[in-house]
Amino acid sequence: SPVLVAGGAGGLGGNRATATALGPDHNLYVGFIKNGNVLRVANPNGSSPTVQTIGKTSDGRGVSAFAFVGNDLYLAQKRGVTEIANAAGCAPNCLTLATGIIDTAPAALASDGANVLYVADTPASNSTILRYTISTGCQDTYATLGTLPNGSTVAFQFATALALDAPGNLFIGDDPTNGRQVLAGHVWQIAAGSSPEVPCGSGGGGVTPPPGPALTSGTLYTSGITSPGGVVWMGTHLWVSDHAFGFCRLDPNASVPGTFLANQDTCNLAAVSPGQPSFDSANNVVYVPDNSSKSQGVWRLSFNPTTETVGSPVLVAGGAGGLGGNRATATALGPDHNLYVGFIKNGNVLRVANPGGSSPTVQTIGKTSDGRGVSAFALVGNDLYLAQRAAVTEIANAVGCASSCPTSATGITATAPTAITSDGSGTLYVADSPGAVSTILRYTVGTQTQEVYATTGSLPNGSTVAFQFATALALDAPGNLFIGDDPSDGTQVFKGHVWKAAKP
């Protein structure tokens, strides 16, 4: 006796509905492939259901699955699991926030409704089933293999369905052909009470919650920016590398006291997509790398300390010596007054001698440890630290070494560092972003100790949100840390923030 809910009206039809969850309020929540809308259908089983858009995915793109835990709705988005807290009770424009779940490409969700969430994470063909306990923040690698009748085991592949029955058995639907062939898929059953393949706290994919509370938290400093590639303090203002606006000064926001906005009259567009900038206060110039697909290299901008504006762009070394075409994104100004540059397209680390002069020279001094690109640099004394794809590494005495300088591991425990900065003497700050959620770490070089520095920021209305896709870090002179993030991961304009974390 099929009945089309609400007659397909209210946005239900035409947008490829794919995710549903029945809430504790007995309303139906619906998500789509074609857009990021989250719809609530009141009285879905009645003769006159009503449809309301209550919110959106954090990136504006579609979802693959929903799951309720209590009144909170969890969303399997393209790049991570997010949450609409109290979805069963919130009004329209409900906030979609990051979660503590570490995953890459969630394709299915299921929950026990009370405290445990299961996630099918499918970054490639093989799928990992994660188990996340909300009350403790503990994440297990629950299962990766299914057993066939002959006793052999195979990896789950392209898992797209999860469900629990009343006793707690978990059912996993997958299809090794990813839908290219009919009748090739399976459903697997994992018995209730089964031990996880990698328990929480054991390493190798069993994720332990961060030890203890964060040392400090952030307050909103700036909103309405896009995918910040870097932040830097110059004069009396913070400047931001904004993917949409360019390299811009942040000025007070009269509408929301205590916050700031990008002053578009100050923005410089020499770098199409500006990355991590470096300020030379002695010579009043700032170096801004361009990480766009048509990057010419690194731009040198003159800084006027009276008007606190920038201008007179000069392409450093004319983009020669490997600076152009490789999407420069990381810069650091050394105590030797040379500029160190890293890239998205390759792992080369370049030193530009006399970068503010008329005849700079460019030399490749080393490479990342994996040969791939970097996201940011930081110097502690003469040592250069690199935020690579899966680790923070170090070129010891980068300032003094010749070519082919070795890149070595550090004591920093980070899974996916996306930004790094330092106080220049002995302390490093790292944004670790293995999924949507970013954790800011503080590492003391002398003692080789690491702490969770900050994980959340507060909005003017008093609500607290997790940092999401943090890509920029900088310190001011008193030691306050500025954190740039963008919950949409750059897929939408003007969704990013800068947070100020006061020195504890």
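## Disulfides

A disulfide is taken here as a pair of cysteine sulfur atoms within 2.5 Å. The model is predicted: local features need pLDDT of at least 70 and side-chain atom pairs count only at pLDDT 80 or more, whereas totals for chains, interfaces and linings use all residues. Residues are numbered from 1 along each chain as its sequence is written, and side-chain values use heavy atoms, with hydrogens and water left out.

Cys248 and Cys267 form one of them, with sulfur atoms 2.1 Å apart. Its S-S torsion is about 115°, so the disulfide is right-handed. Cys248 belongs to strand S21 (residues 246–252) and Cys267 to strand S22 (residues 260–268), so the bond ties together parts 19 residues apart in sequence. Strands (E, at least two residues) are DSSP runs, numbered from the N terminus. Both Cys248 and Cys267 are buried, where buried means under 20% relative accessible area, exposed over 50%, and partly exposed in between (1.4 Å probe, protein chains only).

Cys138 and Cys200 also form a disulfide, with 2.1 Å between the sulfur atoms. This pair links distant parts of the chain, 62 residues apart: Cys138 is in strand S12 (residues 138–143), and Cys200 is in the loop between strand S17 (186–190) and strand S18 (218–225). Cys138 counts as buried at 15% relative accessibility, while Cys200, at 24%, counts as partly exposed. A further disulfide joins Cys401 to Cys405, S to S 1.8 Å; the torsion about its S-S bond is about 90°, so it is right-handed.

## Backbone with positive phi

Most residues other than glycine have a negative phi. Glu308, although not a glycine, has a positive phi of about 50°. Glu308 is found in the loop between strand S25 (298–304) and strand S26 (309–315), and counts as buried at 10% relative accessibility.

Ala6 has a positive phi of about 55°. Ala6 lies in the segment before strand S1 (17–22) and, at 22% relative accessibility, counts as partly exposed.

## An open sheet

Four strands form an open sheet in the order S31-S32-S33-S34, with antiparallel pairing; two strands pair if DSSP finds at least two bridges between them. Strand S31 (376–380) and strand S34 (408–409) are the edge strands, each pairing on one side only. Two bridges join strand S33 (residues 392–395) to S34, and Thr393 stands opposite Ala409 in S34.
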